Amino acid sequence: VEEAEEVLSEDEIAAGGAWQRRTPHAVINILRAEQLEAAEGKRVTGRLYARNILTLAGKEENHPEVTFEKLASDLKQEQQMQDIK
């Protein structure tokens, strides 16, 4: 997460990590052993994690419209919609 540490505070990095793991529904990914081996061999986890946090913080050039504030606003809307049901 070195790239993110250069741009973001510890609180922003922690929040980004929490947002990455957030899901409105339980999710289970089922992979065969050979699929898992292929996936593990191709990804660079630390860089992927850092890039995701930078994107969530609105610091990624490809997705400047995404920010923690936007995510929090969207979450609040989702919660209000659930309350209506």
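How many salt bridges does the structure hold?

1. The structure holds one salt bridge, a term used here for a side-chain nitrogen of Lys or Arg within 4 Å of a carboxyl oxygen of Asp or Glu. Asp74 pairs with Lys70, and their closest N and O atoms are 3.0 Å apart. Both residues belong to helix α5 and are four residues apart, so about one helical turn separates them.

2. This is a predicted model, in which local features need pLDDT of at least 70 and side-chain atom pairs count only at pLDDT 80 or more, while totals for chains, interfaces and linings use all residues. Residues are numbered from 1 along each chain as its sequence is written, and side-chain values use heavy atoms, with hydrogens and water left out.

3. The chain has a mean pLDDT (the predictor's confidence in each residue, from 0 to 100) of 76, and 87% of its residues reach 70 or more. Confidence in the chain is lowest in helix α1 (residues 2-7), with a mean of 72, and highest in α5, at 80.

4. Helices (DSSP runs of H or I, at least four residues, numbered from the N terminus) α2 (residues 10-21) and α5 (residues 68-84) have axes that come within 11 Å and cross at roughly 40°. The axes are lines fitted to C-alpha atoms over the stretch in contact, with angles from 0 to 180 degrees between N-to-C directions.

5. In the contact (heavy atoms within 4.5 Å), Glu12, Ala15, Gly16 and Trp19 of α2 meet Phe68, Leu71, Ala72 and Leu75 of α5. These residues divide into six nonpolar, one polar and one charged, with Gly counted as polar.

Notes: Helices (H or I, at least four residues) and strands (E, at least two) are DSSP runs, numbered from the N terminus.
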